[in-house]
Amino acid sequence: MHSDLPVAALELRGLTKRFGEKLAVDKLSLTVPTGSLYGLVGPNGAGKTTTLSMATGLLRPDAGQSIIHGVDMWRRPLEAKQLVGNLSDGVKLFDRLTGEQLVTYNGLLFGMDRATVAERVGDLLRLLDLESAAGTPVVDYSAGMTKKIALACALVHAPKLLVLDEPFESVDPVSAANIRDMLTEYVKGGGTVIVSSHVMDLVQRMCDHVAVVSAGRVLAAGTVDEVRGDSSLEDRFVELVGGRHHSEGPEWLRHS
Ligand SMILES: Nc1ncnc2c1ncn2[C@@H]1O[C@H](COP(=O)(O)OP(=O)(O)OP(=O)(O)O)[C@@H](O)[C@H]1O
């Protein structure tokens, strides 16, 4: 076997999920190399959230495997979940807790001792500009603050792989730049990130690899330069995915 090859941070093999008639993810395979900052892009409804949920143990696949640093998520979930930090789109947080309590609770769930958790919670709140909101219940946070506290929860156990579903949505530009810097540093320190986003420009600037998915399948995957070729990632995305409308829209929307 290829024992000299480095183990991928994340390997998805033939992941499949059907919701009734709808085939949301269709035998999707993807390899995320260790140390990469990997973008996952695709149109609305492409299956990104479903894929990342199956990859991280939140949603059971109908078929296929998710292997995290050599550990099969659905066969050895406790071991695999120690290796991954997950920011999920749409999963409820325990939002009656304050931000500080929520991140602390997540750290304790991973079996860390209280002193280490307290130190890390302080660091994360500072890094994400949430210190002044530390004592506020998460239910009273803005959308962007909620995103940031969920990111702190994903990071507190220092995972080797971060899986982030739309981490920049609703986040202000200063916080987004801070998060970008933090992710870049995290990768320099040996971590791996897979991030879904609709912002092609951000993916092109921030990520070294990208996969374009549509209708539950991978249309293109590789380094950002390989996938975009001579085009911008945005143009390449539109070319791959199609669906641009060239009509002027309905008459009733025109005022002149
Ligand atoms: N729990 C569910 N029950 C039924 N259908 C679902 C469910 N979750 C997702 N779907 C369907 O599966 C498909 C893929 O959805 P998914 O949320 O994974 O897409 P996405 O790429 O994350 O989209 P977006 O970019 O809009 O967030 C869609 O057609 C969606 O309607």
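Tutor: Let us begin with residue classes: Ala, Val, Leu, Ile, Met, Phe, Trp, Tyr, Cys and Pro count as nonpolar, Asp, Glu, Lys and Arg as charged, and the others, Gly among them, as polar. Keep in mind that this is a predicted model.

Student: Thanks! How many nonpolar, polar and charged residues are in the shell around the ligand?

Tutor: By class, that shell holds three nonpolar, six polar and two charged residues. Its members are F19, K22, A24, G42, N44, G45, A46, G47, K48, T49 and T50.

Student: Which element gives the most to the shell around the ligand?

Tutor: That is α1, with three residues. Both β2 (22–32) and α1 (48–55) supply at least two residues each.

Student: While we are on α1, how do I read burial there? Are the residues of α1 buried or exposed?

Tutor: The idea is to count neighbours: a residue is buried if 20 or more other C-beta atoms lie within 10 Å of its own. In α1, eight of the eight residues are buried, so this helix is largely enclosed by the rest of the structure. They are K48, T49, T50, T51, L52, S53, M54 and A55. Just after α1, G57 takes a positive phi of about 90°.

Student: And for contrast, why does R96 count as exposed?

Tutor: The cut-off for exposed is 12 or fewer neighbours. R96 counts as exposed because it has 10 C-beta neighbours inside 10 Å. You will find R96 in the loop between β6 (84–87) and α3.

Student: Which residues does R96 touch, not counting those up to four places away in sequence?

Tutor: With those set aside, R96 touches P137 and V139. As for L28, R96 is 68 residues apart from it in sequence and 37 Å apart in space, C-alpha to C-alpha.

Student: Now for helix packing. At what angle do α3 and α4 pack?

Tutor: First, a general point: an α-helix has 3.6 residues a turn, so residues three or four places apart point the same way. Here, α3 (residues 99–109) and α4 (residues 114–127) pack at about 135°, with their axes 10 Å apart. That angle makes α3 oblique to α4. Their crossing is right-handed.

Student: Which residues make the contact?

Tutor: From α3 come G99, E100, V103, T104, G107 and L108, and from α4 come V117, R120, V121, L124 and L125. By class, this contact of α3 with α4 has six nonpolar, three polar and two charged residues.

Methods
Residues are numbered from 1 along each chain as its sequence is written. This is a predicted model: local features need pLDDT of at least 70, side-chain atom pairs count only at pLDDT 80 or more; totals for chains, interfaces and linings use all residues. Axes are lines fitted to C-alpha atoms, for helices over the stretch in contact, and angles run from 0 to 180 degrees between N-to-C directions. Helices (H or I, at least four residues) and strands (E, at least two) are DSSP runs, numbered from the N terminus. Angles under 35 degrees count as roughly parallel, over 145 as roughly antiparallel, 65 to 115 as roughly perpendicular and the rest as oblique. A crossing is left-handed if the near helix is turned anticlockwise from the far one by less than a right angle, and right-handed if clockwise. Two residues are in contact if their C-beta atoms, placed from the backbone, lie within 7 Å. A residue is near a molecule or strand if its C-beta atom, placed from the backbone, lies within 6 Å of it.
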